[in-house]
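I opened this entry to keep track of what I looked up, going from charged pairs to surface patches and then to the core.

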Amino acid sequence: MPPKKTVKAKKKKKKTAGEKTELTVEDKYKRTMEEIESLKVELATRTEHARRSRDMSARMEERMCEAQEEVIQEKEDKRDISTDLTRQYKMMQSELGLKIHILEQTVTTLRSQLGCFDHGVGCYQDIGLKSLLKSVMFSALEQVAHLLFSITSAPCIHGKMH
């Protein structure tokens, strides 16, 4: 263990009559004026900082309001588009349903006419004429069936047809 250090007592100087321990009124006044000036500068700095903060806050609040208005507008646009697409889909669905119905009636009518035609043509002895008329009728039926198939298998909105 190292040896302990001894602390020497410092001698206080005795004040002489020539030294002044108290501040004069003039020194106190100068010190007070310096403190006041320092406080004025600090107050001006803080006031400027507060003003800038208020301005920034107002700008940010304005930007936030604009962003909220944009969000509301986007939601309205989305709803309008969705409504319009739904309306278009239902209209297309009803039009296709009507076309299918008309084509089914046409097929039924043509089949019944073909049946009548077969019955009426049976009395003809000319087999060539009979087969020609039959092929024309079958061709017409095939075209109608093809149209019916193409309409029913056409892709619809959302991949469904109700």
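**Charged pairs along the helix**

I began with Arg52, which forms a salt bridge with Glu48, the closest N and O atoms being 3.2 Å apart. I noted that the model is a predicted one. Both Arg52 and Glu48 lie in helix H1, four residues apart, which is about one turn of the helix. I then looked up their accessibility: Arg52 is exposed, with a relative accessible area of 54%, whereas Glu48 is partly exposed, with a relative accessible area of 29%.

Next I turned to Glu42, whose salt bridge with Arg46 has its closest N and O atoms 2.8 Å apart. I found Glu42 and Arg46 both in helix H1 and, again, four residues apart, about one turn of the helix. Glu42 is partly exposed at a relative accessible area of 35%, and Arg46 is exposed at 57%.

I also checked Asp80, which forms a salt bridge with Arg79, with 3.6 Å between the closest N and O atoms. Here Asp80 counts as partly exposed at 43% relative accessibility, while Arg79 is exposed at 52%. A search of the whole structure gave me six salt bridges.

**Surface patches**

I then noted a nonpolar surface patch of about 300 Å², made by Tyr29, Met33 and Ile36.

**The nonpolar core**

Last, I asked myself which residues make up the largest nonpolar core. I listed 11 residues: Leu96, Ile100, Leu103, Val107, Leu110, Leu114, Met137, Leu141, Val144, Leu148 and Ile151. Helix H1 (25-121) and helix H2 (127-152) each supply at least two residues of this core, and I noted that H1 gives the most, with six residues.

Terms used
Residues are numbered from 1 along each chain as its sequence is written. This is a predicted model: local features need pLDDT of at least 70, side-chain atom pairs count only at pLDDT 80 or more; totals for chains, interfaces and linings use all residues. Side-chain values use heavy atoms; hydrogens and water are left out. A nonpolar core is a set of buried Ala, Val, Leu, Ile, Met, Phe, Trp, Tyr and Cys residues joined through side-chain atoms within 4.5 Å. Buried means under 20% relative accessible area, exposed over 50%, partly exposed in between (1.4 Å probe, protein chains only). Patches are made of residues with over 30% relative accessible area and no salt bridge: like charges are joined within 9 Å, nonpolar side chains (Val, Leu, Ile, Met, Phe, Trp, Tyr) within 5 Å. Accessible areas come from the Shrake-Rupley method with a 1.4 Å probe; for residues, only the protein chains shown count as cover. A salt bridge is a side-chain nitrogen of Lys or Arg within 4 Å of a carboxyl oxygen of Asp or Glu.
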